[in-house]
Amino acid sequence: MSNIIKELKDKINGKGLKIVFPESSDKRILEAAEKLSKEGLLKPIIIGNPDEISREYDLSMCTIIDPNNCDEYDEMVKLFVARRKGKATIQQAKELILDINYFGTMLVYMGIADGLVSGATRSTGETVRPALQIIKTKPGISRTFGYFLMVRDEEKFIFADCAINTNPSAEMLAEFAVESAKAAEMFGMKPKVALLSFSTNGSADTEETQKVSLATRLAKEKNSGYEIDGEMQFDAAFVPSVGTKKYPGSTVAGQANTFVFPDLNSGNIGYKIAQRLGNFDAMGPILAGLNNPVNDLSRGCSAEDVYKTAIITASQVLVN
């Protein structure tokens, strides 16, 4: 297990944080919930009919809530209709809330749970959609996005957005830059954020490079206090000698540890290259920008992946 997970475990231990797991039919989820509860790291909430949940695991320290037998159901329906502001009828709400992801997200919205982890058996859309409709993004944030924590031995980097937004605008990239810096801090890093491009400091002038250049300016105008710079190529962002040559005077060039990709193509390709060729452990996607943490698992995840994602989700609660 990486040192970063050990550090996060120390931060959340004893805090009594409650993370909801909607997918009780999946044994990977139950294995992780058993381990998390026995270690006392958090209090798992599992959604499902207690009689139908596998007895292969000791879930005695977990809370099990059945959507079909829940005292809060009627209140959930009322709150959901109010939250959707005319976009859902009472009947639609009654049906939607019986969906495990909607039900779990409502538990977070109502404060019964602190965060949610799903996606072992559901698509990203099925996990993210309820979060966007119910929990919504933080003030000043227009879109959620997904970043990866890339870890190899003592090295750690943030790659964003690698999961959600196909072709983000300059305004969105600026938001991602600041929120990615906050994520880096959560993992004990001093963020230096590079907005990536195929151009460095105006070496090319196209619609694509102009977008990243504008995003950099908008990010700096937010006066977040973080070191953010761009547009720059990856080598200029990462290699000190190249950064000094291509972007003299930048406090980020050659020293970046947080990378904002210009679109989903490059972000997804980039993290997978680092994962497969560079042997980095890719933790994520971790969703950022929401009022309460919700995280999406890969359907190919292991029980250990679920365990780590839950620890990261609980850590987000403390800094959100």
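**Note on the predicted model: sheets, packing and local geometry**

1. Strand β7 and strand β9 (residues 258-260) run parallel and are joined by 3 bridges, and within this pairing Ala194 has Phe259 of β9 as its bridge partner. The model is a predicted one, and the points below should be read with that in mind.

2. The strands β7 and β9 belong to an open sheet of 6 strands, ordered β8-β7-β9-β6-β5-β10, in which the pairing is mixed. At its edges stand β8 (227-232) and β10 (281-288), each of which pairs on one side only. Direction ignored, neighbouring strands of this sheet are turned against each other by 20 degrees on average. Helix α12 (residues 303-319) packs on the sheet, where it touches β5 (145-152) and β10, and the direction of α12 makes about 40 degrees with that of β10.

3. Another open sheet has 5 strands in the order β3-β2-β1-β4-β11, with parallel pairing. Its edges are formed by β3 (63-65) and β11 (294-296), and because each has a single partner strand, one side of each is left without a neighbour in the sheet.

4. Helix α2 (residues 27-38) lies across β1 and β2 (43-47) and runs at about 155 degrees to β2. Helix α6 (residues 124-135) also packs on the sheet, touching β4 and β11, and its direction makes about 165 degrees with that of β11.

5. How do helix α3 and helix α5 pack, in angle and in distance between their axes? Helix α3 (residues 73-84) and helix α5 (residues 100-109) pack at an angle of about 85 degrees, and their axes are 11 Å apart, which means that α3 is roughly perpendicular to α5. On the α3 side the contact involves Met76, Leu79, Phe80 and Arg83, which meet Tyr102, Phe103, Met106, Leu107 and Tyr109 in α5. Sorted by class, this contact has 8 nonpolar residues, no polar residues and 1 charged residue.

6. A search of the whole structure finds 11 aromatic pairs. One of them is formed by Tyr147 and Phe187, which are edge-to-face with 6.5 Å centre to centre and 75 degrees between the planes. Tyr147 lies in strand β5 and Phe187 in the loop between α7 and β7, so this pair ties together parts that are 40 residues apart in sequence. Both Tyr147 and Phe187 are buried.

7. The rings of Phe157 and Phe238 have centres 5.7 Å apart and planes at 70 degrees, so they too form an edge-to-face pair. Because Phe157 lies in strand β6 (residues 155-160) and Phe238 in helix α9 (residues 234-238), the pair ties together parts that are 81 residues apart in sequence. Phe157 is buried, with a relative accessible area of 11%, whereas Phe238 is partly exposed, at 34%. Both residues belong to one aromatic cluster, formed by Phe157, Phe159, Phe234, Phe238, Phe259, Phe261 and Phe280.

8. Met189 lies in the loop between α7 (170-186) and β7 (192-196) and counts as buried, at 8% relative accessibility. Leaving aside residues up to four places away in sequence, Met189 touches Lys156, Phe157, Ile158, Ala184, Asn257 and Thr258. The C-alpha atoms of Met189 and Glu155 are separated by 10 Å, although these residues are 34 residues apart along the chain.

9. Two cis peptide bonds deserve a check by eye. The bond from Ala160 to Asp161 is cis, with omega near -20 degrees, and Asp161 is found in the loop between β6 and α7. The bond from Gly230 to Glu231 is also cis, with omega near -10 degrees, and Glu231 has its place in strand β8.

Notes
Residues numbered from 1 in each chain as written. Predicted model: local features only at pLDDT ≥ 70, side-chain atom pairs only at ≥ 80, totals over all residues. Heavy atoms only, no water. Axes fitted to C-alpha atoms, helices over the stretch in contact; angles between N-to-C directions. Helix = DSSP H or I, 4+ residues; strand = E, 2+ residues; numbered from the N terminus. Parallel < 35°, antiparallel > 145°, perpendicular 65-115°, else oblique. Contact = heavy atoms within 4.5 Å. Nonpolar A, V, L, I, M, F, W, Y, C, P; charged D, E, K, R; others polar. Buried < 20%, exposed > 50% of the residue type's maximum accessible area, 1.4 Å probe, protein only. Pairing = 2+ DSSP bridges. Phe/Tyr/Trp six-rings, centres within 6.5 Å; stacked < 30°, edge-to-face > 60°.
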